[in-house]
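Let's read a protein model together, one feature at a time. Have the picture open while we talk.

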Amino acid sequence: MAGDSKLFVDLNAVTMANAAAPYGLIENAAIAVENERIAWVGPAADLPSAYGDLPRSSLEGRLVTPGLIDCHTHIVHGGDRAVEFEMRLNGASYEEVARAGGGIVSTVKATRAASEDELLADALRRVDVLIAEGVTTIEVKSGYGLDIETELRMLRTARAIAAERPIRVKTTFLGAHATPADYAGRDDAYIDEVCIPALRAAHAERLVDAVDGFCEGIAFQPAQIARVFDVAQELGLPVKLHAEQLSNLGGAKLAASYGAMSADHIEYLDEDGVKAMAEAGTLAVILPGAFYTLRETQAPPIALLREHGVPMALATDINPGSSPLNSLLLTLNMGCTLFRMTPEEALRGVTQHAARALGLTDCGTLAPGMRADMAVWDIKHPAELAYRIGFNPLHSRIFGGTA
């Protein structure tokens, strides 16, 4: 059972908690678990006698990391956009596809037509792939309903995932994702009449952990996002923002001014925006799947983020249009190959920093008091997780201390 006490031995612990050693690596380690939490982790030779009599589970010299965290997904949605993928390959830009009635709005039609059961069944297929890669926590956004009923249905579906699978789910309200066709040319009316009332209704049902928006020329302007964030603050909900993906509208600075947990995408982020994020403690969420799929050429300012000490998370951005990427392991490789992140930065980006991007303080590292969410790998060095392409070396996944 999940609450059982046990001692994992014969392992190398990639704690991501000890800055003095690369990856926080402890060789020949042991991890004691009690009541779904890590009670102790360290060199096996230093194991306190209090844990010596716990039932032992040998991991036979394998490498153990914190359970992986996918901190930015749109995993609940209806339909697909394979035809638009083909359009882009034939020369259409993402913005041209969107303005022609495709993009986010095309997924809205399919999502509105799907029942909660249908949405859940499709989402679980994608979630199962992540679980098979050692993922123990995911974030799930709404934003493909763009009406009150469907936004709530998406969030209920996201909550239902955790009842169907051994995975932790954090939900994000993304009503300010796009303006639906029935509000074309009336963005402000959509914010007032649909987005904000949907947010209030979702909060009343306790369906929301955070609030997001899409600040972009094809979506919403900073002043419109600010109105949504004002309501989020009133409701006591943290915020995050899709910012500077296709242009620089100052979205990251806006997000930072609200103390946002993260600014995501940020390909067009400038140094002023980076400084604002650093001062506010706002993390950067790097999303190479969208950059790759859209064949973009403007990369996020990784060097500036490093220079100013802005932590970087990595995520799949699983969605049907701009990032149909269902592998967090491949995302690690893409972060390194496309953006020159180091393997350690990439792994921190899906553990320690991904937890911070979700406002979580009880996961993302292997340390006493943390949830016993872990991934056990058939590898010798943690860099292998970012190095290999299309290869899954997961041996087992431990969720709340239970394999």
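Q: How far apart are the centres of domain 1 and domain 2?

A: Domain bounds come from an automatic or database domain assignment. Here the centres of domain 1 and domain 2, taken over C-alpha atoms, are separated by 31 Å. Domain 1 is made of 6-66 + 365-398, while domain 2 covers 68-358. Keep in mind that this is a predicted model, where local features need pLDDT of at least 70, side-chain atom pairs count only at pLDDT 80 or more, and totals for chains, interfaces and linings use all residues. Residues are numbered from 1 along each chain as its sequence is written, and side-chain values use heavy atoms, with hydrogens and water left out.

Q: How many residues of domain 1 and domain 2 are in contact?

A: Contact means heavy atoms within 4.5 Å. By that rule, 27 residues of domain 1 are in contact with 21 residues of domain 2.

Q: What is the strand order in the open sheet of six strands?

A: That open sheet runs S3-S2-S1-S4-S13-S14, and its pairing is mixed. Its edges are strand S3 (37-43) and strand S14 (394-398), each with a single partner strand, so one side of each lacks a neighbour in the sheet. The twist from one strand to the next averages 40 degrees. Strand S13 (residues 374-377) and S14 run antiparallel and are joined by four bridges. In this pair, Trp 377 stands opposite Leu 394 in S14.

Q: Which residues of helix H3 are buried?

A: An α-helix has 3.6 residues a turn, so residues three or four places apart point the same way. Buried means under 20% relative accessible area, exposed over 50%, and partly exposed in between (1.4 Å probe, protein chains only). In helix H3 (residues 104-113), the buried ones are Ile 104, Thr 107, Val 108 and Thr 111. They cover an arc of only 115 degrees around the axis, so they sit on the same side of H3; the arc is that of the directions from the helix axis to the C-beta atoms. Lys 109 and Ala 113, on the other side of H3, are exposed.

Q: Where does Asn 319 lie, and is Asn 319 buried or exposed?

A: Asn 319 lies in the loop between strand S12 (312-314) and helix H12 (328-339). With a relative accessible area of 6%, Asn 319 is buried. Not counting residues up to four places away in sequence, Asn 319 touches His 74, His 77, Tyr 144 and Pro 324.

Methods:
Helices (H or I, at least four residues) and strands (E, at least two) are DSSP runs, numbered from the N terminus. Two strands pair if DSSP finds at least two bridges between them. Axes are lines fitted to C-alpha atoms, for helices over the stretch in contact, and angles run from 0 to 180 degrees between N-to-C directions.
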